[in-house]
Amino acid sequence: MAQALAHPNLGLTPEQRGIAELAFELGQKYGERRFDEHEASMAQWDDLAASGLTALSIPEEYGGAGGMFELILAAERLSAGGFPAAKLVIATAIAGSILARSGSSEQKQRWLPGVAEGTTKFCFGFTEPGAGSNARNLRTTAAKTSVGWQIRGEKTYISALESSDAMLLVAKDASSGGLSVFAFPLPQEGVAWSQVNVEAPAFEFQWNVFFDFEVGDDALIGSAGAGGKALFDGLNPERLIVAAQGVGIGRWCLERARSYAATRVVFDVPIGAHQAIQHPLAEALIGVESAWLLLACDAGLKAADRALQTFGGSGFTDETMILQRFMYMRLLQTIPVARELALNHIATAGLGLPRSY
Amino acid sequence: MVVARTGTDAASNRGALSLFLVDPSSDGFEMHPIPVEITAPEKQFTLFFDDVVIPATELIGTEGEGLRQLFSGLNPERIMAAALENGIGLYALAKASAYARERVVWDVPIGAHQGVAHPLAKVKIEVELARLMTQKAAWLHDNGQPAGEAANMAKYAAAEACLAALDQAIQTHGGNGLATEYGLATLWGAARLQRTAPVSREMIFNHIAQHSLGLPRSY
């Protein structure tokens, strides 16, 4: 395996190495497909389910295997192979973590086996037009009824509604003003949607979703108005999986750039013989290999940009697929959380500086 | 207009180039689209010339002098590309500033935060500097003075400033920055292309290193 693509594989158990190799192959299998080709994503998901990778991080008693480390490892290797498995972010990491940590035993029994098998694909209803970075500004409300909860409101930028079997929804509890988290199947009467057109290649469609419907009490996860902790049980793993994607895509881009720079001859030598080409690639490699979390997405973006520059004009054609990867990495500077919000957190929690907002 | 090799230059042993006007409806001429991942008003093509016969009157200027003749178009090309990029930079800044003034999160406009305002201020400076260099290059060209250095510098500076301004505008808009509706990310591919085409930043660096700094040719 080319050096730029190799995972450090330091201290991995034989099982973890097996997961790494399997995930890498499933990334390679779809590596020539467009990121926005949904058939490819769905076919890869079927492969992941058949190979057991969708079960990673789900508790064993519900058909799961391994922990969050194994899921992150798989996410990085799939991306390094050439095709990230987007559904691991929400359908596995977010839904699995929230249900496993905060669900009742009935809810866990109802949902987690399907999540582990990959047959129940959750989407996540959280973001609103007025609640992006400031999540607490939610306007979607959940009001108590005789049989459960009446949910009313509007969400935006909801991914994968078109291919999901269930939704995890975050609403404001009407009486306390705190957050409530619900899990319910799709399609659902009283839920309507329209598409958000996005200029970056995304694995899934994006939707505005409008809610005015009632769910039973069994849909509420944990206590009404006390969903904040449950929510972050899902959001922290989400950041980690996305960071792993960033590192993996960075490695893929670097390997492509390395190979092109070694073979493309201009003015009688391979372009990689020139420092203006090889030094930025070397710096990008250092960045990717030492990346942590926030910096993983920065490092991945830098690697993708240098790969794009290495390919010259051909990097912009659909034949090389480089711009696709670059655009996706650019998307990760803004979603799932803006870089600036992450820096705010590091400044306050990491450096003890005063909150700036 | 087609650049074609018509012989070998005896002194340099390199190709001698000539410029021709070719009618695209000529026999033997074919054009195949190249699918490109960017949104742009003009498409890209691979051209095939299979013994295309054109009249001698379609030779532009002197046979074998094509490269020298081309140079008279290269500086205007750099200057025009820089102007286009500066326009995108100004457009991006206008949109970003308007949004940062109006979008209220946590009770203040997001533009009140230095994490939003300072990066926009930085790219504003960069765009204005690029505009100055572009104007200088255009003035030198119009006044018959050597414009190569200024044109190359303008092209480089404008491309970098344009991309930085557009990127920061997208970042200012949060998730909306990627939505088609906001008219920003659509420009991304075309802006990013400017680092590579019509001349890459690395070739510009080579030119400046050799011609402005007198350093040895590196390639």
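Chain B averages a pLDDT of 95, and 100% of its residues score at least 70. Here pLDDT is the predictor's confidence in each residue, from 0 to 100. The model scores ipTM 0.78 and pTM 0.84. This is a predicted model, in which local features need pLDDT of at least 70 and side-chain atom pairs count only at pLDDT 80 or more, while totals for chains, interfaces and linings use all residues. Residues are numbered from 1 along each chain as its sequence is written, and chains are lettered from A and ligands numbered from 1 in the order in which they are written.

Helix α1 of chain A spans residues 14-29. Helices are DSSP runs (H or I, at least four residues), numbered from the N terminus. The 16 residues of α1(A) reach 23 Å from first C-alpha to last. The expected value is close, at 22 Å (1.5 Å times one less than the number of residues).

In α1(A), A:Ile19, A:Ala23, A:Phe24, A:Leu26 and A:Gly27 are buried (20 or more other C-beta atoms within 10 Å of a residue's own, with C-beta atoms placed from the backbone; exposed means 12 or fewer, partly exposed in between). They lie on the same side of α1(A), because they cover an arc of only 165 degrees around the axis. The arc is that of the directions from the helix axis to the C-beta atoms. The face turned away from this buried side carries exposed A:Pro14 and A:Gly18. Cover for the buried residues includes α2 (38-51) and α3 (68-81) of chain A.

The contact between chains takes 30 residues from chain A and 30 residues from chain B (C-beta atoms, placed from the backbone, within 7 Å). On the chain A side, α9 (322-331) and α10 (339-350) each supply at least two residues. The largest share, four residues, comes from α9(A).

Note on methods:
Two residues are in contact if their C-beta atoms, placed from the backbone, lie within 7 Å.
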